[in-house]
Every structure is written in C-alpha cells, then in structure tokens.
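Here are my notes on the model you sent over.

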Amino acid sequence: MITDQRMEQRTDNCVRRVVELLSIDSPSGYTRRAAEHVMDSCRAMGLAPEMTRKGGVLVCLNPDAEEEDALLLEAHMDTLGGMVTEISGTGRLHLTPLGGMEPNNAEGENVRIMTRSGKIYTGTFQMKNASVHVNRDYRTAKREYGAMEVVIDEEVSSREETEKLGILPGDIVCFDPRTRVTPSGFIKSRFLDDKLSVAILLELADQVASGEIRPGRRVWEHITVFEEVGHGGASSVPAGVSEAVSVDMGCVGDGLGCDERKVSICAKDSGGPYHYEVVSALIEAARRSGADFAVDVYPFYGSDVEATLSAGHDLRHGLIGPGVYASHGYERSHRKGVCSTLRLLNAYLENR
C-alpha cells in the first residue's frame, strides 16, 4: 500500500510535469516537440516508447506481462489553437480555430506565430478596431473569428510587409497558456485539457517502471495528438488490448457532482454510455483507494476512447479525469483532484 506521504510526493511530481508540458506549445497539428518531451520522459524511466505515424506516443509499461486482456490508457497532448487563413490588407492575421478555441475566451490573449521557416513571431488576438475610445460597438460586437484578428508585434502595415516576415496562410498560432500554481494547491492554465492527465499518466508510468505498483495485466499508454479535432484515439491499438480508458479532464459545472478537488468517472457523454462493467470497476477502485470522486453524465463531450470504438476496435471502454473548471477557457484544477486520479489508477491497475 502506497503511503499518503508517497502519494503527496507523486502528486508534486505530476504538478511539475504538467508545468513542463504546458510550456511546450502543441495545438493539434503542431505537436512534435511535446511528443519528443514525452518520449524523453519515458526513456528516462527505462521504458521503450515509440512514436506513431500520426505523431503520438505509444509505450508499454510492463512488457513482461501477458499480452492478452491488456489495458490501454489514453490521454492527449494536443491542445486548442489557431491557424492563419488570410493576411489582411493591413498586415494583420485572420484565423481559423484548431479545435474548440472560443474567440470570446481568447480575446486579448498573447500568441506565438510559428512560421514554416522556423521563425517565431509574437502578437495579440484582438477584436478588429479594438479601441473602446474609437469603436462605439465594441461592447456589443459579437466575438467571432470573422470579427477578430492577430495584431503582430512587428512594424507591418500591409500584406506585403507581413509576407516578407515569412508568415503564410497555414501557419500555426499558439495561445499563451498563462500557467500558475497557487500556494493553496490550484493549478490554473489554458490547456489543462489534457496535459494535466498526460502528466498523471507519465507519473503512473514511473510508478510501474520502478516497481512501486504491479499491474495484474499488461498496460499500454497512448498519448494522442489529434483528440481536439476528433480522431486522436482512432488508431494504434496494440495487439491483445481488450479495454481502453481515456484519462481526460473531468467536467465541472451546473448539474454535475465533480469539482476541481475530485476525480470524475463519466457514465455517459454525448457519444452515449460508457461500458457498464468498466464504469462499475472504476467506481469500486475509487472507493477502495480512498479517492474523492464523483460519477457524472457530461452533456457536451467526446473522448479519445470513443474515437477508438468508432474506428472499429472491439473494446470495453471508460473515461475518468481530474476535475477541470472552465473547460476550453482559462482552466482550473487542484492538486487534490490530481492525487485522487492517481489513487484511482493505482487501485485499478493493481487489482485487475
């Protein structure tokens, strides 16, 4: 049995890991550096990760275990972001979203523009004509991508001047995560969905690799890179896997029992119910481990593991995650929710 003190140390490690991950820009389609970071982290544990053709990371935590009836844990390191669609006549950038980045949540945010040549420019995502003292409709104008633009931090005032910087349509635009960890234990940042759970799975991998926990069956982890656009978990299911569990963000909001200090077990989301026996076993593992948990039905949600099933894989499936408030905005979780998620996973692996 892992002591409370050891779990606190493991939770500290998760927080450190997520801060590192959040410092690496990785909107869908631009995830190579984040994937290499995850690969390096796994190699440091003595594991042998591989990069999938899509750019995700697949790693077996205990390759000496029997192949049959294996468990696949999925989390995603791709985040929301933007892509340049057009350079305006004034040299500013019009964007299309990557995933569900809401423009009203991103107004006024600092951004980085990643050019194909490797140069990086900074800017700000603003309303067009963003000065309140000039624009009489500023307060009532609808925040949508057609009404927004990136103001580049360079001396440009025409399309031609911006193009000379090497900026082109198709360039990726990364939004500043603004990561903060408070003395009271809260973790605040954009893109906790789902880098917080990636950090938890990395710490779980270290627990298995070090022998601190001993799963009763073979366990794989797949850190995916296209979840935010719908097909992250659709491929790369290893032979012998009979069950897959997404470790993603737990929803927090009106009508739900989860908060940032709990681990959420999802019974149903927009894609339908999760496998009854898997949900029941996750609840039992949460109780056995002493994790603070809630069982919830998410009204507007889809997960990696649903993409896995939709691709035709014959699997039992489940979904858990630390509670995250203000999803797809400036998000907030708590180290207690991280700890409860890790406790649940420990109990689930050791007893199945």
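Before the points, one bit of bookkeeping on residue classes: Ala, Val, Leu, Ile, Met, Phe, Trp, Tyr, Cys and Pro count as nonpolar, Asp, Glu, Lys and Arg as charged, and the others, Gly among them, as polar. Also keep in mind that this is a predicted model.

1. Let's start with the largest pocket, which has a volume of about 430 Å³. Of the 23 residues lining this pocket, Met249, Cys251, Phe300, Tyr301 and Gly302 are the closest to its centre. With the classes above, the lining splits into nine nonpolar, seven polar and seven charged residues. Helix H7, residues 304–310, gives the most to this lining, with three residues.

2. The second largest pocket comes in at about 210 Å³. Its lining has five nonpolar, three polar and four charged residues. Met1, Ile2 and Met7 are among them, along with Glu212, Ile213 and others such as Glu350 and Asn351. Helices H6 (276–289) and H8 (335–350) each supply at least two lining residues, and H8 gives the most, with four.

3. How do H6 and H8 sit against each other? Their axes come within 8 Å and cross at roughly 110 degrees. Angles of 65 to 115 degrees count as roughly perpendicular, so that is the label for H6 relative to H8. The crossing is right-handed. On the H6 side the contact uses Val278, Ala281, Leu282, Ala285, Ala286, Arg288 and Ser289, and on the H8 side Arg343, Leu344, Ala347 and Tyr348. By class, that is eight nonpolar, one polar and two charged residues. Look at Arg288, Ser289, Arg343 and Ala347 in particular: they belong to this contact and also line the second largest pocket.

4. H8 has another partner in helix H1 (residues 4–22), with the axes 9 Å apart and an angle of about 115 degrees. H1 and H8 are therefore roughly perpendicular to each other, and their crossing is right-handed. H1 brings Asp4, Met7, Glu8, Arg10, Thr11, Asp12, Cys14 and Val15 to the contact, while H8 brings Arg335, Val338, Cys339, Leu342, Arg343 and Asn346. The classes here are six nonpolar, two polar and six charged. Met7, Arg343 and Asn346 take part in this contact and turn up in the lining of the second largest pocket too.

5. Two backbone spots deserve a look on screen. A cis peptide bond joins Asp193 and Asp194, with omega about 10 degrees, and Asp194 sits in helix H5 (residues 192–209). The other spot is Asn129, which has a positive phi of about 55 degrees although it is not a glycine. Asn129 lies in the loop between strands E7 (120–127) and E8 (148–152).

Definitions and conventions. Residues are numbered from 1 along each chain as its sequence is written. This is a predicted model: local features need pLDDT of at least 70, side-chain atom pairs count only at pLDDT 80 or more; totals for chains, interfaces and linings use all residues. Side-chain values use heavy atoms; hydrogens and water are left out. On a 1 Å grid over the protein atoms alone, a cavity is a set of points where a 1.4 Å probe fits but cannot get out, and a pocket is an open set with protein on both sides within 12 Å along at least five of seven lines; lining residues have an atom within 4 Å of a point. Grid points are joined across faces, edges and corners, and a volume is the space filled by probe spheres set on the points. Axes are lines fitted to C-alpha atoms, for helices over the stretch in contact, and angles run from 0 to 180 degrees between N-to-C directions. Angles under 35 degrees count as roughly parallel, over 145 as roughly antiparallel, 65 to 115 as roughly perpendicular and the rest as oblique. A crossing is left-handed if the near helix is turned anticlockwise from the far one by less than a right angle, and right-handed if clockwise. Contact means heavy atoms within 4.5 Å.
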